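Hi everyone, thanks for coming. Let's take a few minutes to look at one model together, with its strands and rings as our topic.

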Amino acid sequence: MTSLPFLSTVTGSLDSKGRVCIPASFRQVLAAQNTAGVYVYPSFVDASLEGFGQAAVDGLTARLAALDPFLSPAHDDMATAIMGRIQLLPTDDGGRVRLPDAMIAHAGLKDKVAFVGMGQKFKIWDATAYAVVEAESVARMKARFEAAKEGGA
C-alpha cells in the first residue's frame with residue numbers, strides 16, 4: 001500500500017445529476033491504493049462527506065478486528081457510524097461519481113463543492129460552508145500557535 005496523502009483544496013461543481021468530478025490528484029491516490037472508485041460516507045462530525053481509498057478501509061477494518069464484536073460498545077459504534085454507512089462509488093471515465101441523494105442532503109451540497117485533502121482522507125463540502133469552516137480552523141490554529149509561543153518563550 002502507498003502512503004500518498006490527499007493534499008490541497010480543490011473546488012468543483014455538483015451537476016444537475018448529482019455528480020462531482022473527483023480531482024485528478026485525488027484519483028491518483030485512489031488508484032495507487034487499488035481502489036475501484038472512491039469510498040464515501042456522511043461525516044458524523046459535521047455537514048460534509050468523507051472520502052478515502054482502500055488503505056483507510058483496511059485501517060478501519062484492522063481497528064475493528066482488535067475489538068470484541070460481541071462485547072465491545074466501541075466496536076458497534078465504529079461499525080455503525082462509519083463502516084455501515086460507507087458506500088463504494090464507481091467513477092466514470094471522466095473521474096465523476098454520482099453522489100447518493102441522501103449524502104447530498106446531509107452535506108447541504110449545492111452547485112459549488114470543495115474537496116479538502118486531509119492526509120488519509122478528504123472531505124467534500126459545500127464551498128460556501130467550507131469557507132467558514134476553514135476560517136474558523138485557521139483561527140484556532142493561530143490561537144494554538146500563539147499560546148505555544150507564549151508558553152515556550
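Let me begin with a term: two strands pair if DSSP finds at least two bridges between them. Helices (H or I, at least four residues) and strands (E, at least two) are DSSP runs, numbered from the N terminus. What you see is a predicted model, where local features need pLDDT of at least 70 and side-chain atom pairs count only at pLDDT 80 or more, while totals for chains, interfaces and linings use all residues. Residues are numbered from 1 along each chain as its sequence is written, and side-chain values use heavy atoms, with hydrogens and water left out.

Now, strand 3. Which residue is the bridge partner of Val-40 in strand 4? That is Gly-51. Strand 3 and strand 4 run antiparallel, joined by 4 bridges, and they form a hairpin with 6 residues between them. Strand 3 is also joined to strand 5 (residues 87-89), again antiparallel, by 3 bridges. There, Val-38 stands opposite Leu-89.

Strand 4 pairs with strand 8 in the antiparallel sense over 4 bridges, and Glu-50 has Lys-123 in strand 8 as its bridge partner. Strand 8 (residues 121-126) is mostly covered, with 5 of its 6 residues buried. Strand 7 (residues 112-117) pairs with strand 8 too, antiparallel, over 5 bridges. In their hairpin, with 3 residues between the strands, Gly-119 takes a positive phi near 85 degrees.

Last topic: rings. How many aromatic pairs does the structure hold? There are 8. Rings of Phe, Tyr and Trp (its six-membered ring) pair if their centres lie within 6.5 Å; planes under 30 degrees apart count as stacked, over 60 as edge-to-face and the rest as tilted. The rings of Phe-6 and Phe-26 have centres 5.4 Å apart and planes at 75 degrees, so this pair is edge-to-face. Phe-6 lies in the segment before strand 1 (9-13) and Phe-26 in helix 1 (residues 24-32), 20 residues apart. Both Phe-6 and Phe-26 are buried. Together with Phe-115 and Phe-122, they form one aromatic cluster.

Conventions
Buried means under 20% relative accessible area, exposed over 50%, partly exposed in between (1.4 Å probe, protein chains only).
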